[in-house]
Amino acid sequence: MTSQIKIPPYRIHVAIPGPFSGPLGYCHHSPVALGARCLVPLGRRSVVGVTVAPGPDGADYPIERLKPIGAVLDPGALLPADILALAAWLGRYYLHEFSSGFLLALPALLRKGGGAELPVEEWVTLTVPGVAILPDQLKRSVAQQQLIALLQDISTSTVRALRERGFSRGQLTSLVKKDLITIQIHQDDQPIAPTGTLFEPALELNNEQQLALDAVNREPYSPFLLEGVTGSGKTEVYLQAIERCLREGKRALVLVPEIGLTPQTIQRFQSRFQDRVVALHSGLSDAQRLSAWLQASLGQAAIVIGTRSAVLTPLPNLGLIVVDEEHDLSYKQQDSLRYQARDVALKRAHDAGIPIILGTATPSLESLHNAQTGRFGHLLLNHRAGGMALPGVETIDMRKQQHQNGLSERLLMRVADHLADGNQVLLFLNRRGYAPSWFCADCGWMADCVFCDAHLTHHRQGYSNICHHCGHREAPRKSCPTCHSNQVSAMGTGTERAEELLGELFPAVPVIRFDRDAASTRHKFVAQLERTDLPGPAIIVGTQMLAKGHHFERVTLVGIWDIDIGLFSADLRARERMGQLLTQVSGRSGRGERRGEVLIQTYYPDDPIFVPLKQHDYRTFANDLLAERQRSGLPPFGYLAVIRCDSAFADRAEARLQQMAHYLLSTKRVRVLGPIPALLSRRAGKHRFMLIVQSDKRSHLHQSLTPLHQHYPRDQQQVSWHIDIDPAEL
Ligand code: ADP
Ligand code: ZN
Ligand code: ZN
């Protein structure tokens with residue numbers, strides 16, 4: 001008996017996880033839609049990949065030698081053409097693995113090969129009264145309160161998902177009886193056309209807002225920088241631009257910084273629009289994320305509001321993108337595929353031919369430059385929407401002040417005054433933990449991390465000294481290892497100590513702390529936010545978490561406890577960040593009915609950074625920085641990449657970068673600085689070096705850097721390295 005092996009005739013190109021610079025070729029007995037997932041063999045494993053268009057050298061491998069696809073997982077395209085193109089661009093532009101953009105575009109469950117159908121489900125949706133009710137109006141049932149609060153946070157959910165979270169059928173039925181929710185059974189994978197119908201009327205825009213909205217509505221395609229002081233009503237402009245987009249039957253994508261995507265924010269969109277709003281953030285389970293993603297890609301959601309990675313969410317008939325707080329550092333991914341979501345959003349809007357609004361009170365230098373040179377429309381909101389004056393800003397000269405753990409007499413007295421008036425006070429201290437060092441008063445010894453070039457931070461909770469760079473923790477020493485003195489103790493003040501001190505000074509006032517310890521999860525963060533809603537005076541103390549677009553209605557005094565360290569950082573963007581941070585934190589003051597006050601403690605009151613800040617003139621500050629950047633050919637006047645390299649052996653890391661520097665210089669298209677030690681020169685036992693690569697032309701930068709991956713494998717001889725295009729920090 002003869003058997004003839006039949007060769008499947010179709011050549012399929014698949015993007016699969018791994019260090020490949022293009023898709024791999026497979027064969028199949030029928031064509032497969034581009035953007036469908038399939039299971040393919042790779043070595044001895046079987047992996048999930050996405051079918052894509054052939055790469056430049058995809059066609060020449062003889063088809064007889066290709067392995068067949070194991071299984072096709074989707075009947076049609078899961079990722080639409082626009083997302084496929086954007087994903088391919090991501091890998092190329094950020095010089096990362098070919099597949100990384102495609103994988104980023106898929107929710108985790110789909111990456112693992114899970115089913116992409118919305119199951120037949122009972123869907124729970126809030127009614128109009130359900131959207132508006134405050135959870136604590138449901139006096140007698142804590143479970144019902146939690147249920148409503150949850151739904152207000154995530155919009156729609158399924159009965160199944162809610163029961164998984166421990167809610168009972170009976171609790172759901174009670175809410176149906178109170179007309180707060182509805183439950184409907186459907187498996188519907190049909191798109192729902194957006195209508196733009198409103199639950200509540202839009203606010204009447206002031207002049208500046210109207211001008212901004214008209215400009216956005218006039219241009220079929222353009223990026224806009226919406227530069228509006230804190231509290232100027234940027235969100236209302238977004239809402240009305242979105243309304244018009246929905247009325248035209250198109251959908252909208254809204255990006256916000258992770259910490260900005262609070263229930264408050266989501267509710268602001270939900271209580272305005274009757275169309276479905278879907279949120280994508282880190283508080284979702286994998287199943288919830290998948291459901292939200294499917295609703296978006298099937299065209300059931302009219303508005304997607306999400307954090308960084310939501311920029312790749314498929315949305316049929318997308319009509320508008322909004323990037324709120326566009327300057328925010330959280331838009332830049334700091335590992336693996338180091339993309340900048342704002343820039344990806346700009347690319348997506350450009351390719352789709354739709355408007356995009358970048359909103360902020362403190363534009364990044366890049367966006368400001370684009371607006372000032374006419375590449376972006378420049379929309380200005382110079383006044384607070386409610387007519388409230390901006391707060392008065394003053395510095396406190398710490399050289400002339402008595403202080404208690406860094407809290408000056410002057411600031412302390414103002415805190416007491418504002419609290420006595422029944423107001424809230426916000427104190428900003430960008431240092432978490434109890435104290436930034438553990439110190440010997442006799443000889444000056446400080447506890448250092450054994451793995452990093454850094455001091456340990458003392459934490460009172462858990463009583464340990466912790467390295468904030470590698471997580472190493474150890475018990476605080478009772479005596480000094482150098483001079484054996486027992487005068488060893490915590491030195492300096494972090495948020496934990498600030499909380500303790502304020503609790504002692506104002507025992508009758510709640511102190512609400514925001515930092516990565518006290519608000520370590522989204523859930524805890526939201527719980528802390530809720531505490532700030534309680535009536536009466538309160539002290540809010542925390543790190544830069546506080547700077548991100550929160551509306552603390554009753555804060556009238558903002559005190560900056562300590563920022564001096566930020567004035568002298570070697571990082572290229574340190575001063576830009578500092579100006580943004582100070583402006584944003586100051587903007588938390590006086591958003592309600594009472595005029596605000598801002599007091600900044602510093603040992604360097606003459607630093608020029610404070611002049612524009614006091615005059616609410618971020619623009620002058622930013623333009624001064626732009627002039628400096630221009631003189632040195634730095635972004636946005638030149639293009640920058642950093643190659644970072646680390647190894648347990650310092651000489652190996654340095655030598656690898658040295659070789660790369662030689663190669664890059666030989667291309668004669670870029671300038672190279674380094675190798676130099678990284679700002680943190682040793683971390684988790686690895687020595688770290690960097691090479692700064694600069695060019696006046698973006699294309700030159702890419703042409704020089706692209707071949708590096710072929711010449712130098714990424715992990716070899718215990719040396720690993722990566723390229724960071726448009727780095728956010730050095
Ligand atoms: P931003 O996003 O610029 O910081 P918001 O959009 O949060 O500012 O608006 C600040 C406050 O002003 C909110 O309470 C908002 O409801 C209110 N507001 C915005 N626009 C108007 C308007 N046109 N008329 C009255 N109040 C407004
Ligand atoms: Zn000592
Ligand atoms: Zn460490």
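Four cysteines get a "binding site" label in the UniProt record, an unreviewed entry: Cys-449, Cys-452, Cys-467 and Cys-470. In this predicted model, they cluster in space even though they are spread over 22 residues of sequence, with a largest C-alpha distance of 8.7 Å. As for where one of them sits, Cys-449 is in the loop that runs between β20 (437-440) and β21 (457-459).

| Domain | Residues |
|---|---|
| domain 1 | 10-112 |
| domain 2 | 121-186 |
| domain 3 | 207-381 |
| domain 4 | 392-433 + 494-632 |
| domain 5 | 639-725 |

Domain 1 and domain 5 touch each other, with five residues from domain 1 and six residues from domain 5 making the contact. Taken over C-alpha atoms, the centres of these two domains are 29 Å apart. What sort of residues does domain 1 put on the side that touches domain 5? That side of domain 1 has four nonpolar residues, one polar and no charged.

Next, the record again. UniProt (unreviewed entry) lists residues 215-381 as "domain: Helicase ATP-binding".

Finally, a helix pair. Helix α13 (residues 365-372) and helix α20 (residues 618-631) have axes that come within 10 Å and cross at roughly 90 degrees. Angles of 65 to 115 degrees count as roughly perpendicular, so that is how α13 and α20 are placed relative to each other. On the α13 side, the contact is made by Leu-365, Leu-368 and His-369; α20 brings Ala-622, Leu-625, Leu-626 and Arg-629. Sorted by type, the residues of this contact between α13 and α20 come out as five nonpolar, one polar and one charged.

Notes. Residues numbered from 1 in each chain as written. Chains lettered and ligands numbered in written order. Predicted model: local features only at pLDDT ≥ 70, side-chain atom pairs only at ≥ 80, totals over all residues. Axes fitted to C-alpha atoms, helices over the stretch in contact; angles between N-to-C directions. Helix = DSSP H or I, 4+ residues; strand = E, 2+ residues; numbered from the N terminus. Parallel < 35°, antiparallel > 145°, perpendicular 65-115°, else oblique. Contact = placed C-beta atoms within 7 Å. Nonpolar A, V, L, I, M, F, W, Y, C, P; charged D, E, K, R; others polar. Domains from an automatic or database assignment. UniProt positions renumbered as here; feature names shortened; annotations may be inferred.
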